Amino acid sequence: DFFLQKLTPAPSIVELSDEETLFTVTVKAVEKKSGGAMVGKAVSLNVKNSEANGITIEGTSVQTTDSDGNAVYNLKLNPQAVADKDELIKNGFTLVATANKADGTAVAPQELKVSVNKKGSGDGTQVTESKLNISSVLSTTSVSNNALNPYGDNAQLTVIAKNGNGARVQ
């Protein structure tokens, strides 16, 4: 006789970014009598509403527990496949693990709601990070040696942006 422990995602909060996010979920099967690992048990993992939330299992959804009683699943969050990103960030997604005893009866399933945070734009577009070298030239209408008069002044500010190679950028 055995039971399934709580599912363990790594990381505990999945990030929705511009790129696909890979993460793992571990399901542990434990013998009720001793607390020891249940080796060789078939465990099934189900991603609820996978079609809309962009979460898929990499490989088969049924795995056999290893010598530590663990079934480790690799999952992927594809930002282009998420139907409603705001909904996914607000409510997360749900995973359900199930297994059967030797006589075919089901053990109590384990359900886990996994949180999702947004990283980057989260819209599947590439983010380009740039380092710019910006210098400014300030010229004012007052006789204050090109320093702004705090009581009122007109100023023209010119900014020239250059990339790391010194070329002007548009």
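Reader: What makes the count of helices and strands in the chain?

Author: The chain has two helices and 12 strands. Helices are DSSP runs of H or I with at least four residues, strands are runs of E with at least two, and both are numbered from the N terminus. From the N terminus on, the order is β-β-β-β-β-α-β-β-β-α-β-β-β-β. This is a predicted model, where local features need pLDDT of at least 70, side-chain atom pairs count only at pLDDT 80 or more, and totals for chains, interfaces and linings use all residues. Residues are numbered from 1 along each chain as its sequence is written, and side-chain values use heavy atoms, leaving out hydrogens and water.

Reader: How do you know what share of the 170 residues is buried?

Author: Buried means under 20% relative accessible area (1.4 Å probe, protein chains only). In the chain, 29% of the 170 residues are buried.

Reader: What share of the contacts joins residues at least 24 apart?

Author: A contact means heavy atoms within 4.5 Å. Take the contacts between residues at least 6 apart in sequence: 59% join residues at least 24 apart.

Reader: Which helix gives the largest share of the lining of the largest pocket?

Author: That's H2, with three residues. Helix H1 (50–53), helix H2 (85–91) and strand S9 (93–99) each supply at least two lining residues.

Reader: Which classes are in that lining?

Author: There are four nonpolar, five polar and four charged residues. Ala, Val, Leu, Ile, Met, Phe, Trp, Tyr, Cys and Pro count as nonpolar, Asp, Glu, Lys and Arg as charged, and the others, Gly among them, as polar.

Methods:
Buried means under 20% relative accessible area, exposed over 50%, partly exposed in between (1.4 Å probe, protein chains only).
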